[in-house]
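Please look over the model before reading the points below.

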Amino acid sequence: MAEKILMKGNEALAEGAVRAGCRFFAGYPITPQNEVPEYMSWRMPEVGGSFIQAESEVAAINMLYGASATGIRTMTSSSSPGISLKQEGISYCAGADLPIFFANVVRGGPGLGNIAAGQGDYFQSTRGGGHGDYYTIVMAPNCVEEMGNFPRRCYELAEKYRVPAMILADAILGQMMEPVEFDFELVDPKTLKAPDWALGIAAGRERRIVRSYDLREGKLELLNLERMERYRKIQEKETLHENRQTDDAKLVVAAYGTSSRIAAGAVKMARDKGMKVGLFRPITLWPFPAKALAAIAEHVKNFLVVEMSMGQFVEDVRLSVCGTARVDLYARPAGVPSADEVFTEIEKVYQGIR
Amino acid sequence: MKLINKKPSSLVDKPMRYCPGCGHGIVHRLIAEIMDELDIRERTVGVAPVGCAVFADEYFNCDMIQGPHGRGPAIATGIKRSKPECIVFSYQGDGDLASIGMAETVHSAARSENITIIFINNAIYGMTGGQMAPTTLLGQISSTCPAGRSVAVNGYPIKVCEMLAQLQGARYLERTSVSTAPGVIKTKKAIKKAFQNQIDCVGFSMVEVLSTCPTNWGMTPVQGARFVDEKMTPIYPLGVYRSPEQ
């Protein structure tokens, strides 16, 4: 059995990436993710990788653009305003089919907002984020152990489909400490096959070009159509979710990340009072587990969405159930609800169910 | 018969899209000749900018990457740190290097990244149609300073070599010009040194090449070359601003 380590979420995230074979990290200080670059500043040299404190988030993402073009596993992390700055570079990575990995330890927004937990970057994460037509694979952990174990899956999916992949966390997940058991063997980057598009030593082969443009008439659309087909496959095959007590439920609470941890407590309180309440938690936010949610909506006609934003995640829930169920919203934009508060909302909605 | 000249094998055999009298083609050829002479073509990765030289990724016969406007030095940093055995160069214009990408320029020099930067200064934005650049001369007309660049509205042109020379990490800085044949020969020598420095792990090397944009200057190619010599060179004096031997 692997050893259990007590870790801070941000450290688990960094260590998880290192264990998954990350050998290049570039980042810029911003609260509440500072432990990630701090950890990487000593850990990267220890494993023979590179760490750079970049002059800006913009420079950091472009360092990643260059490093990942050489075919190695790379990472950057930031928090909301910093992720906004990186969006142009992420769009370029998507356009050049580079499998970068990054994490957003979300804080309150908009603007400078605050440094507490929030979920206001849901749209930005799941709808591309930068300019142009593209998607990023988004994984949403809800505990420190998942912070440590999700980077490996992000790398594997990113490389399989040649798309950027990210972890959407928040200040609570980044700052709290919990026991972590890594569920995968240490990845030795030397054992990974060098991709056939990677830049570097060109002896004995044709030159390679990494770019995100095609100015020839009609050609860009062909590139985008091919990428769209990859996105379709991701949506078909790579969704992850968790159902709790949904089989006999009259009301299902839908929540992701930190909200899902809090909602789980509230659902338990409801069950203890004999109310038939379940929990649906998407683990991948893009691709969104729409089919799984639609399957629940075949027998559950009432949903309560709990999110720490104004009503972003609720849109995906409504799209998934497609008018077949009632969807209520408990929105806490840059506020962290208590389990008691969520339970009060559950009671309100539950009492209205006939 | 003795072969006395040929197209460098580091240049792809295809027509370039640059305008008549433009300096990009000359500098491309010089870089390609140097790659051949130093026998580094198969381990060189070039970074193409946004601007007219976006097409550089099609012209150089080595691995190439094209990235966001101004971020060449950051991209080159990522490549060089990941693959130190590669020779990495970033090719940039004045808007790219001295305006939107100034932070990346300054900080890659401060870190003394072991990369080579070729900076083409033609005092104007070419690709977008002749707007004012950070290097546009006072009084020079552009599509965004139609009455000529004025200090009151636009401030002063940026002298990049002079500015970077303040940084300890900037190991080699030289400004040359491709407006004359002797200038082309000197430019080749400077660019070759900038590549050799990287091979020798000297650190950050940049050559600023004063170049021509007759199309957007509204001149003939010959007038353009004269503009470099008569108007640009007095503001941007040629010479070595920092050298590793210092």
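Which strand of chain A is joined by four bridges to strand β11 (residues 251–254) of chain A, and do the two run parallel or antiparallel? The partner is strand β12 (residues 277–282) of chain A, and the two run parallel. Strands are DSSP runs (E, at least two residues) and helices likewise (H or I, at least four residues), both numbered from the N terminus. The model is predicted, with local features needing pLDDT of at least 70 and side-chain atom pairs counting only at pLDDT 80 or more, while totals for chains, interfaces and linings use all residues. Residues are numbered from 1 along each chain as its sequence is written, and chains are lettered from A and ligands numbered from 1 in the order in which they are written.

**Sheet in chain A**

- Five strands form an open sheet in the order β10-β12-β11-β14-β15 (chain A), with mixed pairing; two strands pair if DSSP finds at least two bridges between them.
- β10 (241–244) and β15 (326–331) of chain A are at the edges with a single partner strand each, so one side of each has no neighbour in the sheet.
- On average, neighbouring strands of this sheet are turned by 20 degrees against each other, direction ignored.
- Between β11(A) and β12(A), Val252(A) has Gly278(A) as its bridge partner.

**Helices across the sheet**

- Helix α11 (residues 313–321) of chain A lies across β11, β14 (302–307) and β15 of chain A, at about 160 degrees to β14(A).
- Such angles run from 0 to 180 degrees between N-to-C directions, with axes fitted to C-alpha atoms, for helices over the stretch in contact.
- Helix α12 (residues 339–352) of chain A lies across β11, β12, β14 and β15 of chain A, also running at about 160 degrees to β14(A).

**Contact between chains A and B**

- Chain B puts 27 residues into the contact and chain A puts in 30 residues; residues are in contact if their C-beta atoms, placed from the backbone, lie within 7 Å.
- On the chain B side, β2 (63–66), α3 (72–82) and α5 (102–110) each supply at least two residues, and α3(B) gives the most, with eight residues.
- Strand β9 (residues 209–210) of chain A is joined to β2(B) by two bridges, and they run parallel.
- Val210(A) stands opposite Ile65(B) in β2(B).

**Helix α1 of chain A**

- In helix α1 (residues 9–19) of chain A, 10 of the 11 residues are buried, so the helix is largely enclosed by the rest of the structure.
- Buried means that 20 or more other C-beta atoms, placed from the backbone, lie within 10 Å of the residue's own.
- Just after α1(A), Gly21(A) has a positive phi of about 105 degrees.

Technical notes. Two residues are in contact if their C-beta atoms, placed from the backbone, lie within 7 Å. A residue is buried if 20 or more other C-beta atoms lie within 10 Å of its own, exposed if 12 or fewer, and partly exposed in between; C-beta atoms are placed from the backbone.
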